[in-house]
Amino acid sequence: MMATVSGIIVVLNCKDVVHDRYWLAVEYVWVVVPYMIYDVYVMYLCHWHKSKDTSEKKHSLASVRSFLEKDRLMVTHHLFILIVLTPVAQYLRGELGDFFVGCIFVAELSTPFVSLGKILMQLKMQDTLLHKVNGILILVTFFLCRILLFPFMYGAYARQVGIPLYMAPFHIPVHCNVANASLIAPQLYWFVLICKKAVRLYGRSPADKNR
């Protein structure tokens with residue numbers, strides 16, 4: 001949630017989406033880095049606790065390998081942020097694009113709801129009203145802040161330079177389009193999974209739940 005608030009502050013303070021600067025766009029990255037490392041470790045611990053019946057030792061090579069095989073997309077996503085996006089955000093982009101860094105921060109709005117959903121499932125509360133409401137919030141926030149975010153960024157740039165939205169990708173460097181494609185690809189995949197889970201959750205009849 002802190003990332004989202006920081007992102008909104010950055011976005012609101014950058015009227016020129018290319019050249020305006022705001023200090024949070026740089027400084028908050030140093031909060032993101034340890035969070036990403038911590039998040040990967042927590043995901044590993046969750047994986048290990050779920051698979052304790054397999055007699056895998058904690059922090060063993062077999063346990064780590066099993067975690068990487070099961071959650072390779074999520075781990076790759078985190079590593080991409082740490083290894084590629086962090087140097088870009090801090091050094092390689094020069095003094096351009098604080099607005100877009102802020103937009104990426106806003107994408108984290110869905111994370112608390114995703115985490116709450118996992119907690120409710122651990123507590124066997126997947127049939128409660130709270131879980132259903134939280135599922136709707138996941139769908140809405142994920143779609144708005146992780147999918148529509150990218151057309152919004154292209155649209156903001158297009159409005160500033162006075163071109164149609166569809167022309168925006170052709171007016172920015174190729175590596176920016178590649179980075180955006182790398183970011184949105186897993187988001188689309190996860191959104192499809194969320195939609196399938198929502199269909200299962202909201203499509204079950206009362207008779208199915210009581211079986």
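**The chain and its pockets**

Guide: In this predicted model, residues 24 or more positions apart account for 70% of the contacts in the chain with a separation of 6 or more.

Visitor: Which kind of secondary structure does the chain have, and how many elements are there?
Guide: Read from the N terminus on, the elements run α-α-α-α-α-α-α-α-α-α-α. Strands number 0, and the secondary structure of the chain therefore consists of helices, which come to 11.

Visitor: What percentage of the residues of the chain count as buried?
Guide: A residue counts as buried when its relative accessible area is under 20%. Applied to the 211 residues of the chain, whose C-alpha atoms fill a box of roughly 60 × 45 × 25 Å along the principal axes, this cut-off gives a buried share of 39%.

Visitor: How much of the accessible surface belongs to carbon and sulfur atoms?
Guide: The accessible surface of the chain comes to about 12800 Å². The part of that surface that belongs to carbon and sulfur atoms is 71%.

Visitor: Which element gives the largest share of the lining of the largest pocket?
Guide: The largest pocket holds about 1700 Å³ of space, and its lining is made of 44 residues, with Met43, Met74, Val114, Ser115 and Lys118 lying nearest its centre. Two or more lining residues come from each of helix H3 (29–50), helix H5 (72–92), helix H7 (111–122), helix H8 (129–147) and helix H10 (174–203). Among these helices, the largest share, 11 residues, comes from H10.

Visitor: How many charged residues does the lining of the largest pocket have?
Guide: Sorted by class, this lining has 21 nonpolar and 12 polar residues. Its charged residues number 11.

Visitor: Which element gives the most to the lining of the second largest pocket?
Guide: About 1400 Å³ of space lies in this second pocket, which is lined by 48 residues, and nearest its centre are Leu85, Phe100, Val101, Ile104 and Leu183. At least two lining residues each are supplied by several helices, including helix H1 (2–13), helix H6 (98–106) and helix H9 (149–161). The element that gives the most, with 9 residues, is H5.

Visitor: How many nonpolar residues does the lining of the second largest pocket have?
Guide: In this lining, 9 residues are polar and 3 are charged. The nonpolar class, in which Leu, Phe, Val and Ile are counted, has 36.

How values were computed: Residues are numbered from 1 along each chain as its sequence is written. This is a predicted model: local features need pLDDT of at least 70, side-chain atom pairs count only at pLDDT 80 or more; totals for chains, interfaces and linings use all residues. Side-chain values use heavy atoms; hydrogens and water are left out. On a 1 Å grid over the protein atoms alone, a cavity is a set of points where a 1.4 Å probe fits but cannot get out, and a pocket is an open set with protein on both sides within 12 Å along at least five of seven lines; lining residues have an atom within 4 Å of a point. Grid points are joined across faces, edges and corners, and a volume is the space filled by probe spheres set on the points. Helices (H or I, at least four residues) and strands (E, at least two) are DSSP runs, numbered from the N terminus. Buried means under 20% relative accessible area, exposed over 50%, partly exposed in between (1.4 Å probe, protein chains only). Contact means heavy atoms within 4.5 Å. Accessible areas come from the Shrake-Rupley method with a 1.4 Å probe; for residues, only the protein chains shown count as cover.
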